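Trainee: Could we go through this structure together, one question at a time?
Mentor: Gladly, let's start with the surface and then turn to the helices.
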Amino acid sequence: MQTSKLDQVLVPWFRRIDVPLMRAAILVVYAWFGVLKLFDASPANPLVRELLERTLPFITFERFIVFLGLFEIAIGIAFAVPKLEKLALAMVVPHLVMTSGPLVFLPSVSWKGFLLPTLEGQYCIKNVLIAAVAVGILAHLQPSSTEEVAPQGSPVPRSA
C-alpha cells in the first residue's frame, strides 16, 4: 500500500507538534479551571463544596477551594515545563482520583440513570481524556537511568 503525499507531510508534522500541543492543552485546562476556582467563578464550586462536605467535613470550603485552585494551576505549569513531568504525574493522579469522586460519592448529582451522566457527571468523566493526554506526554519521556557513576568510578544506586 502506498502512502499519500499528504500523509508524508502531515504525519511527521503531527509527530513534531503532538507533545507541545498536549502540554499546552493541559496547561490551558488546569490553569483556567484553577483560576476560576480562586475567583469563586467556577461552575464546579458547588460540586466541590458538596463533595468536600461528604468526604472531608473538617476542612473549610474557603481554604480548600484556594488550595485546589492553586494546585490545579501548578499541575498545568508542571506539565508545560519540560523536566517537571514526573512531578506533574505525582500531582495529577490524586487530583484525578479526587475530581472523579462525585461519580461514586455523589451519584444523585452525577447520574440521571445507568450510564446516563448529568452535566456534572460528564465534567468528571472528562478526566479520562486528561489521563490519556498525561500518559501521552509521559510516554515521550526518556527513561531515567537506574545507576549514576560516582566520582571514583564505582556505580552508585540512584535514589528515586
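Predicted model: local features only at pLDDT ≥ 70, side-chain atom pairs only at ≥ 80, totals over all residues.

Trainee: Which residues make the nonpolar surface patch of about 440 Å²?
Mentor: Two elements give two or more residues each to this patch, α1 (5–38) and α3 (61–80). The patch covers about 440 Å². Its members are Val35, Leu38, Phe39, Val66 and Leu70.

Trainee: Is leucine 38 buried, partly exposed or exposed?
Mentor: Leucine 38 is found in helix α1. Buried means under 20% relative accessible area and exposed means over 50%. Leucine 38 has 32% relative accessibility, so the residue counts as partly exposed.

Trainee: How are α1 and α3 oriented to each other?
Mentor: Two packed helices are described by the angle between their axes and the distance between the axes. For α1 and α3, the axes are 7 Å apart and the angle is about 165°. Angles over 145 degrees count as roughly antiparallel. Therefore α1 and α3 are roughly antiparallel.

Trainee: And how does α1 lie against α8, which packs at an angle of about 140°?
Mentor: Helix α8 spans residues 127–139, and its axis is 10 Å from that of α1. With an angle of about 140°, α1 is therefore oblique to α8.

Notes
Residues numbered from 1 in each chain as written. Heavy atoms only, no water. Patch = residues over 30% accessible without salt bridge, like charges linked within 9 Å, V, L, I, M, F, W, Y side chains within 5 Å. Areas by Shrake-Rupley, 256 points an atom, 1.4 Å probe, with all protein chains shown as cover. Salt bridge = Lys/Arg side-chain N within 4 Å of Asp/Glu carboxyl O. Helix = DSSP H or I, 4+ residues; strand = E, 2+ residues; numbered from the N terminus. Buried < 20%, exposed > 50% of the residue type's maximum accessible area, 1.4 Å probe, protein only. Axes fitted to C-alpha atoms, helices over the stretch in contact; angles between N-to-C directions. Parallel < 35°, antiparallel > 145°, perpendicular 65-115°, else oblique.
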